[in-house]
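Let me put the thing up on the screen, and then I'll walk you through it.

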Amino acid sequence: MAIPRQLPNAITIARIPLAVVFFVLLLLGGTYGIPEPTLRWIAGILFIIGISTDWVDGYLARKYEIVTDFGKLWDPIADKLLTGAGFIGLAILGEVDWWIVVIILIREWGITVHRLMVASEHVVAAAWMGKVKTAFQGVALGWALLPLHVVIGLGPWTLITFVLMIIVLVLTVASGIDYIVAQARGARQKS
């Protein structure tokens, strides 16, 4: 079965407007889904669908050998828009500490800006550690976005959310260091 050559890129680009819709619904849903639990559930489910497409577009591109420089560049950007919207939304709602979000966003956008700056020379694909970090961010944000406190109680839900965010913070910083080291090695090998 043949698939359209641009399908993986179209899936990647679809995450960008999805991030905007998700962010608006998250804020309208309110803190812990109060006053609007339905919007909070919808926002959480939209995020999970959106972050899941990251795996789908990569799988299709590799399976059908249609990996493109466009996809290598824009896939991480679309991911960062979606996860960034989740982190910022949760911080605005007071559910995740701003200091955690700021450190994560500095790493995420710092690496993204670097990728854009070197894109004319070469495209930097995501490394394995970055992929693990993104996957864990998706799981942690999915947990934090769904108002599961109604099932397990606010105390346990808040504790689990905090622990997950600390793990995400550590993975995000570690993968940023890994990226910087890999780029420094690559630059030394070229010279």
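So, one term before anything else: when I say buried, I mean under 20% relative accessible area, with exposed being over 50% and partly exposed in between, using a 1.4 Å probe and protein chains only. On that count, 44% of the 191 residues in the protein chain are buried.

Now, the caveats. This is a predicted model, where local features need pLDDT of at least 70, side-chain atom pairs count only at pLDDT 80 or more, and totals for chains, interfaces and linings use all residues. Numbering starts from 1 along each chain as its sequence is written, and side-chain values use heavy atoms, with hydrogens and water left out.

How confident is the predictor? pLDDT is its confidence in each residue, from 0 to 100. The mean for the protein chain is 89, and 94% of the residues reach 70 or more.

On to the fold. We've got seven helices and zero strands, counting DSSP runs numbered from the N terminus: H or I of at least four residues for helices, E of at least two for strands. The C-alpha trace spans about 55 × 40 × 20 Å along its principal axes. For 191 residues, a compact globule would have a radius of gyration near 16 Å, and the protein chain has 17 Å, so the two agree. That radius is taken over C-alpha atoms, and the globule rule is 2.2 Å times the number of residues to the power 0.38.

For contacts, meaning heavy atoms within 4.5 Å, look at those with a separation of 6 or more: 79% of them join residues 24 or more positions apart.

Which peptide bond is cis? That's the one from Ile34 to Pro35, with omega near 20°. Pro35 is in the loop between H1 and helix H2, 37-63. Tyr32 is also found in the loop between H1 and H2, and its phi is near 55°, positive in a residue other than glycine. Tyr32 is partly exposed, at 22% relative accessible area.

Then there's Glu65, in the loop between H2 and helix H3, 69-92. Its phi is near 55° too, again a positive value in a non-glycine residue. Buried or exposed? Glu65 counts as exposed, at 69% relative accessibility.

How values were computed. pLDDT = per-residue confidence, 0-100.
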